[in-house]
Amino acid sequence: MAAAAATRPLPKSPAITPVGACDRLFYGGMAIVLGLTVLTGFAPTYYLRLVGDGPRATMSGGPFTSLVHLHGALFTGWVLLFIVQTALVASHRVAVHRRLGVAGAVLAAAMIVAGTTTAIATAARGGAPPGVDPLAFLAIPIFDMVLFATFVTTALVMRRDKEAHKRLMLLAYITIIVAAVARLPGVLPLGPLAFFGLGYLFVVLVAIYDFVSRGRVHKAYLWGGGLMVASVPLRLMISGTGAWRAFAELLTR
């Protein structure tokens, strides 16, 4: 009896899933979903007009200038690069991911310049959604570029902290996804609170994933997401002030 008890196998303990075991799948999936959002939003107003017989004009009625095409090429490049970078991490090719990150930093800098310049040029010719003052509306893309620059810069500074880095880069992407969300059918007429609310649902989604997978939400999402949400009423409030109008007039001269 004693010998039988001694040789009896011990019960196996249940397998414990490592923290972040699904990160590669989740962040790769987010890259695809965000890319599809961009394609769906901008297909009718840009991509399809490049290959079809539709009018060669932006949603606000302006022509497809060289600046518009540069802006489109750079931001499309970001979408593709984000997919590639998440795929490299998922396939454990981190060294290539880091080398390509240098190109990503240069691309982000070019996007900030092109995005800001395009926004100013659009406001200068009176481009804005129907019924909206172009100079007041300028606050929306300008703030988007400020947030994008802030998140990308912070992500690059913290690139050795992979947990913060990947979250900050994702937040940078979400800040510019709102322009695509606003172009989804029926969204733009609902106003800024609607398209910002829908766009920033991605922040809620990634925060939920963090909580489910780790039992807490990373501070990058807490501070970054809070900054994004706070920026919406702030920019709407500032856009109607005389100080902003004077600043916008200075930019669009």
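The structure is a predicted model, in which local features need pLDDT of at least 70 and side-chain atom pairs count only at pLDDT 80 or more, while totals for chains, interfaces and linings use all residues. Residues are numbered from 1 along each chain as its sequence is written, and side-chain values use heavy atoms, with hydrogens and water left out.

With a relative accessible area of 14%, Ser-239 is buried (under 20% relative accessible area, with exposed over 50% and partly exposed in between; 1.4 Å probe, protein chains only). Residues up to four places away in sequence aside, Ser-239 touches Ala-136, Ala-139 and Trp-244, contact meaning heavy atoms within 4.5 Å.

The protein has eleven helices and zero strands. Of its 253 residues, 42% count as buried. Among contacts between residues at least 6 apart in sequence, 69% join residues at least 24 apart.

Helix H2 (residues 23-51) spans only 37 Å between its end C-alpha atoms, whereas a straight helix of 29 residues would span 42 Å at 1.5 Å a residue; the expected span is 1.5 Å times one less than the number of residues. A kink of about 90° lies in H2 at Ala-43, shortly before the proline Pro-44, the bend at a residue being the angle between axes fitted to the seven residues ending there and the seven starting there.

Thr-37 also lies in helix H2 and, at 12% relative accessibility, counts as buried. Its contacts, not counting residues up to four places away in sequence, are Ile-177, Ala-180, Val-181 and Phe-202. The C-alpha atoms of Thr-37 and Ile-177 are separated by 7.6 Å, although the two residues are 140 residues apart along the chain.

Helix H4 (residues 94-124) packs with helix H6 (residues 139-157) at an angle of about 170°, the axes being 9 Å apart. Axes are lines fitted to C-alpha atoms, for helices over the stretch in contact, and angles run from 0 to 180 degrees between N-to-C directions. H4 and H6 are therefore roughly antiparallel to each other (over 145 degrees; under 35 counts as roughly parallel, 65 to 115 as roughly perpendicular and the rest as oblique). Residues making the contact include Ala-105, Met-111 and Gly-115 of H4 and Pro-141, Phe-148 and Leu-156 of H6. By class, this contact of H4 with H6 has 13 nonpolar, two polar and no charged residues; Ala, Val, Leu, Ile, Met, Phe, Trp, Tyr, Cys and Pro count as nonpolar, Asp, Glu, Lys and Arg as charged, and the others, Gly among them, as polar.

Technical notes
Helices (H or I, at least four residues) and strands (E, at least two) are DSSP runs, numbered from the N terminus.
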